[in-house]
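Welcome to this short tour of a protein model and the molecule it holds.

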Amino acid sequence: MQKELKLYNSPKKQKETFKPLHENFVGMYVCGPTVYKDVHLGNCRTFVSFDIIYRYLLYLGYRVRYVRNITDVGHLLDDGEDRVSQEAKIRNLEPMEIAQEITINFHEMMSIFNALPPNIEPRATGHIPEQIEMVQQIIDNGYAYEANGSVYFDTVKFKAEKGIYGELSGRKIDDLIAESRDLKNQDEKRNPVDFAIWMRASEEHIMKWNSPWSVGFPGWHLECSAMSRKYLGEQFDIHGGGNDLKFPHHENEIAQNVGSCNCEGPRYWLHTNMLLLNGKKMSKSEGNTISPDELITGKTIDGEKVEHISKGYSPMVIRFFMLQTHYRSTMDLTDEALQAAEKGYHRLMDALSVLQNLQHPGNGKAGKLDKDLQELVAKVHEEMSDDFNTPKALARLFEIVPKVNSLKGGQLSFNDLTAETLDLVKKTFQDYVFDVFGLKEESIAEDEDGVVDGIMNVLIDLRQEARLRRDWATSDKIRDDLKALGIELKDGKDGTAWTKS
Ligand code: AMP
Ligand code: ZN
């Protein structure tokens, strides 16, 4: 198997040959979600991209320790309020109830998209002592100072002494004014580019812990430095996240790592590009998000049609759609692209089933067809080993498809092909489709002619009629029986919508 893997190392702005710190082992840390609102499709794009990277490292034979955190404290809004706390206040719940609910939803989405779970999924609130220890180390090394119970990283002194800061994101320290997420308490800072690594909590703040400096909470960037070090060591192989995290999050992580132990942490930084909706980054603050549920069902929670798309798309079609763009390119979510992905996904799965049913009659020689197929198989690996180029690897698999169909149809002869090469093609197809790309057969019958939808509408109407005549027993029976089949009815202002779990 092709072992040389090239990956694009963000701070170096170039592809490099991947050399793990310890032969055959890979330590990979990926920034996980902030669990205050359900993940949107943009978040899913990033996590699916790292799932494919993880899967390919496993496929190459590495033993991978994949750590993806849960941010449940410290990620502040621009006004200085913690995102999880704010949501807890709005919904009158405990912050941990919010974190738990959103984490469960996140796991469900990851499993719907067939993303493998990480080996360790540490929570920021579960690692407060480790974060306090790191703050202390940075203070001891002279790169942080306390002010009024909060502790700030002394970015200016750090840059002057260590000569590092801003390289990953390409920022100049002079230009970095007030861009960081913790805009609160600017006056306590020696310099506006300093950032909080520990924050004193106000009376009404809910999530807070004792520390040598105050009852407070850690700065957002600290958790990833502390937890990656705990589980992967002072130096490790890969750190990933969306490219919107380069600054300030990842830049500050590097500063904290070096500031505490003189170690940069990760050796390779991988950044995914953004999912766009109509040319604009999909984000909660822009209000242009589509949830996975909405894309799958084609309906909003109120049962209305989702803007921008003509219908729902299955999870594997969405995953296939994501595979068609390289992780470092922006990806525009459009109905046309999804429809094309739907066709592509079915073509790929159909080809796989044709291939699996091909039986070599024996006595084949290594002719031109044999050579062509061997070359294409090698190219599939080459493309994936060239910075995980899924669209090109897919294109190489699709170059194999007409040959497979011609073998089936008799236009190409098995005489030119050895049984070993046919087995190699079968294995490559299967390994890539299932293990590397993480696609699955979708067993749910497609409802192209709308029969299921039609039946559901009949049931929804019957239930509505029962409710109008106050026949609660019948209306409840319809809802409960459907629920037992995994079908959920949601009543909204414009009628009832249904979803299949
Ligand atoms: P958050 O929950 O906001 O901390 O984000 C979780 C992950 O999703 C981070 O790695 C972000 O970079 C990533 N992300 C956020 N928006 C998008 C988007 N539109 N496209 C791709 N990734 C995104
Ligand atoms: Zn992080």
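Let's start with phenylalanine 388, which is buried, with a relative accessible area of 2%. Here, buried means under 20% relative accessible area, exposed means over 50%, and partly exposed lies in between, with a 1.4 Å probe and protein chains only. This is a predicted model, in which local features need pLDDT of at least 70 and side-chain atom pairs count only at pLDDT 80 or more, while totals for chains, interfaces and linings use all residues. Residues are numbered from 1 along each chain as its sequence is written, chains are lettered from A and ligands numbered from 1 in the order in which they are written, and side-chain values use heavy atoms, with hydrogens and water left out.

**Backbone features to look for**

- Phenylalanine 388 has a positive phi of about 55 degrees although it is not a glycine.
- You will find phenylalanine 388 in the loop between α11 (368-385) and α12 (390-409). Helices (H or I, at least four residues) and strands (E, at least two) are DSSP runs, numbered from the N terminus.
- Asparagine 92, also not a glycine, has a positive phi of about 55 degrees.
- Between phenylalanine 247 and proline 248 the peptide bond is cis, with omega near 0 degrees. Proline 248 has its place in helix α7 (residues 246-261).

**The ligand and its surroundings**

- Which residues come nearest to ligand 1? Of the 17 residues around it, they are Thr34, Thr46, Asp244, Leu275 and Met282. A residue is near a molecule or strand if one of its heavy atoms lies within 4 Å of it.
- Threonine 34 places a backbone N or O atom 3.0 Å from an oxygen atom of ligand 1.
- Threonine 46 uses its side chain, with a polar atom 2.7 Å from a nitrogen atom of ligand 1.
- Glycine 242 has a polar backbone atom 3.0 Å from an oxygen atom of ligand 1.
- Of the 490 Å² of accessible area that ligand 1 has on its own, the protein covers 93%. Accessible areas come from the Shrake-Rupley method with a 1.4 Å probe; for residues, only the protein chains shown count as cover.
- Two or more residues of the shell around ligand 1 come from each of the elements α1 (41-59) and β9 (235-242). The largest share, 4 residues, comes from α1.
- By type, the shell around ligand 1 divides into 6 nonpolar, 9 polar and 2 charged residues. Ala, Val, Leu, Ile, Met, Phe, Trp, Tyr, Cys and Pro count as nonpolar, Asp, Glu, Lys and Arg as charged, and the others, Gly among them, as polar.

**Cysteines**

- How many disulfides does a search of the whole structure find? The result is 0 disulfides, where a disulfide is a pair of cysteine sulfur atoms within 2.5 Å.
- Cysteine 44 has its closest cysteine sulfur in cysteine 31, and 16 Å is too far for a bond. Cysteine 44 counts as buried, at 1% relative accessibility.
- For cysteine 263 the closest cysteine sulfur is that of cysteine 261, and the 4.4 Å between the sulfurs is too far for a bond. Cysteine 263 counts as buried, at 18% relative accessibility.

**Other residues worth a visit**

- Asparagine 69 sits in the loop between β4 (63-68) and α2 (83-91), and counts as buried at 0% relative accessibility.
- The side chains of asparagine 69 and tyrosine 29 are joined by a polar contact of 3.4 Å. A polar contact is a pair of N or O atoms within 3.5 Å; within protein, one must be able to donate a hydrogen and the other to accept it, and residues adjacent in sequence count only if both atoms are side-chain atoms.
- Leucine 355 belongs to helix α10 (residues 335-357), and counts as buried at 1% relative accessibility.
- Leucine 355 and leucine 422 are 67 residues apart in sequence and, from C-alpha to C-alpha, 8.8 Å apart in space.

**Domains**

- The protein's domain assignment gives domain 1 (17-272), domain 2 (315-436) and domain 3 (451-500). Such bounds come from an automatic or database domain assignment.
- Taken over C-alpha atoms, the centres of domain 1 and domain 3 are separated by 44 Å.
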